[in-house]
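Student: I'd like to go through this one with you, please, starting with a strand.

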Amino acid sequence: MSPSSAEPSAMGVVLDLIEGIGRVPTGGTATVELLEGNRISALDLVAAWCASSGNEIVSVEGLTVTVLHGRSPDPLAGLDPAQLPGSRVWVYTNFDCNLACDYCCVRSSPKAERRAIGAERLQRIASEAAAAGVGELILTGGEPFLLNDLDALVNSCTDELPTTLLTNGMLFRGARLERLRRMDRSRLTLQVSVDSATPGIHDSHRGTGSWAKAVDGIRIAHDEGFRVKVAATLPADQMHELDPFHAFLDTIGISRKDQVIRALAHRGVADSGIELTVDSLIPEVTITADGVYWHPVAADHDDQFVTRDIFPLADAIAEITRRFVAHRRAAERAAEWFPCA
Amino acid sequence: MTAPLVIGSVAYSPNVVPIWEGMRDYFAETSTPIDFVLFSNYGRQVDALISGSLDLAWNTNLAWVRTLAQTDGGCRALASRDTDLIFKTVFVARSGSGFSSLESLRGRRLVLGSRDSAQAAILPVHFLREAGLSEGDVNLTRINSDVGKHGDTGRSELDALRAVLDDRADAAAIGINTWQAIGRGELLPGAFESFWNSPEYSHCTFTAMPSLAIERADPWVANLLAMDWENSKHRPILEMEGLQAWVPPRLEGYASLVAAIREQGIAARW
């Protein structure tokens, strides 16, 4: 079809759209039908008109284009800056662990396959993260201190960005303690898992004697000059009894801002807990040896797998951001149109 | 508590409800609260204003001039949108049609919008006449969609543009707002081009009867003009209504329409 005949008919689609949009209030949608013969040029024109007029294409299905009158609110605008996708990046250094916690969200245990991220990849992640404007790296596992090159791994991260290293705190002895000592105290925070003020609850999930070793690990880390955060994983029904726990953490020198309480997630080997889906979860860009995931809580679950391509990291962050915006907008539309009958 | 000023507006778009609810909310926090009444056409609204059912009417330029005629010049224009002071009619044709002036329309087909649209029908004929072209010199087609709303819906202008695309007309006369809505010819170079822009004239204005006391009108106008584009609560209302600032009216901007109505024998009431 020649431009002289294609373009005016494409313009006719825009006239239809202007009329349709004028008939619905801001926030409503109008649809227009493209013609088979000039679908692409008409769609380009509709997109250009939407961009210039402050309206938004919400879907294209076959020849039917649905346009929102006005623009949907930016889902990112409502987030705390610290919640923006890519404000920090999680990396699973490995999946094997000296413990086999009964609620582990990624099924780590001594029998789990290591699936290590490796020094080369981690260094590139750290470098690209810094370039992409990421503010912090968070390393987790598995138990990272099982890795013999953990000091080099961590230093490659702290050379680029402030870093937090999650650990059960039970392995600060011998060569592993020496590796800890070679890490950068000014750029690294340790985050140790402790679930209760006394051994009972903690040990029931994580193994007999694990509480005492974790608390001792916190003491060692403090003695070595590291900042230590404590993260507790609690079932929702225990979330209202936190005062004794906070009081205990106060006594072992954990500042209140470093006391993190999180709800147990129904993921991994946990047989209960809150349900977390990509629809309901603000993403935290998470990288494992297998690729990029939506959130660290589901880094072993296909439903939150994003892409096998870790690099360029900025593209992975952009893809998660794009999906988050799409999920939020879809949820808003569903909320608007959910029929009762 | 002060009785609210009752303002009439024509429901030309579904956005009229959120616009006026937003205005009502805004004025509720001022010394001059308002309420609003929606009409299906400007004739009914002007009748209500003159009969005293309304304190103010948000009128098109045609409704303002007709109210002026029916009140022997007694009504007052209180405020307009910034965009109302610089309204224009744009004559457009398919790109490359070779039109260069109104004179080049002689013997050609011009499509006009609704007969009660100042921008797309009444004033275009006036501008043709000023250019020395009478109705017989140009083959006029009128598309009378949404009569009663004075062209507010823009539908007749879109229909006029379709007529040009479909080669049922050589050119169309449309309002600057519709020309902007279709991207001023920049969205799809090769589809439409403008070949003549009219002088600026005034469009909508809040109209008050002489019976509305200055002591009530002036504080209300002051509060209206205080609406601020930079204020996140005000902005959505202003965006929907198509302005960045409320401004005092420009009365001389209605002279061309007054002349057009006289020339064309358009009645003061209908």
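Student: Which residues point one way from S9(B), and which the other way?
Tutor: B:Ala171, B:Ala173 and B:Gly175 point one way from S9(B), while B:Ala172 and B:Ile174 point the other way, and all are buried. A residue is buried if 20 or more other C-beta atoms, placed from the backbone, lie within 10 Å of its own, exposed if 12 or fewer do, and partly exposed in between. Strands are DSSP runs of E with at least two residues and helices are runs of H or I with at least four, both numbered from the N terminus.

Student: Before we go on, what sort of model is this?
Tutor: This is a predicted model, in which local features need pLDDT of at least 70 and side-chain atom pairs count only at pLDDT 80 or more, whereas totals for chains, interfaces and linings use all residues. Residues are numbered from 1 along each chain as its sequence is written, and chains are lettered from A and ligands numbered from 1 in the order in which they are written.

Student: Back to S9(B), then: why is it largely enclosed?
Tutor: 5 of the 5 residues of S9(B) are buried, so the rest of the structure largely encloses this strand.

Student: Which strand runs parallel to S9(B)?
Tutor: Strand S7 (residues 109-112) of chain B runs parallel to S9(B), joined to it by 2 bridges, and B:Leu110 has B:Ala171 as its bridge partner there. Two strands count as paired if DSSP finds at least two bridges between them.

Student: How many bridges join S6(B) to S9(B)?
Tutor: There are 5 bridges between S6(B) and S9 (residues 171-175), and the two strands run antiparallel, with B:Phe91 standing opposite B:Ala173. S6(B) is also joined by 5 bridges to strand S10 (residues 192-197) of chain B, again antiparallel, and in S10(B) the partner of B:Val92 is B:Ser194. In strand S6 (residues 89-94), 6 of the 6 residues are buried, so S6 is largely enclosed by the rest of the structure.

Student: Now helices. At what angle do the axes of H4(B) and H9(B) cross?
Tutor: The axes of helix H4 (residues 118-130) and helix H9 (residues 255-264) of chain B come within 9 Å and cross at roughly 80 degrees; axes are lines fitted to C-alpha atoms, for helices over the stretch in contact, and angles run from 0 to 180 degrees between N-to-C directions. H4(B) and H9(B) are therefore roughly perpendicular to each other, given that 65 to 115 degrees counts as roughly perpendicular, under 35 as roughly parallel, over 145 as roughly antiparallel and the rest as oblique. By class, their contact has 8 nonpolar, 3 polar and 2 charged residues. Here Ala, Val, Leu, Ile, Met, Phe, Trp, Tyr, Cys and Pro count as nonpolar, Asp, Glu, Lys and Arg as charged, and the others, Gly among them, as polar.

Student: And how do H3(B) and H9(B) pack?
Tutor: Helix H3 (residues 61-70) of chain B packs against H9(B) at an angle of about 70 degrees, with the axes 10 Å apart, and that makes H3(B) roughly perpendicular to H9(B). The contact, which requires C-beta atoms placed from the backbone to lie within 7 Å, is made by B:Asn61, B:Leu62 and B:Val65 of H3(B) with B:Leu257, B:Val258 and B:Ile261 of H9(B). Those residues divide into 5 nonpolar, 1 polar and no charged.

Student: What about the interface: how many residues of chain B are in contact with chain A?
Tutor: 19 residues of chain B are in contact with 20 residues of chain A. Helix H5 (residues 155-165) of chain B gives the most to that side of chain B, with 5 residues, and the side as a whole divides into 11 nonpolar, 6 polar and 2 charged residues.

Student: Last one, for chain B overall: how many helices and strands are there?
Tutor: Chain B has 9 helices and 12 strands, and buried residues make up 47% of its 270 residues.

Conventions:
Two residues are in contact if their C-beta atoms, placed from the backbone, lie within 7 Å.
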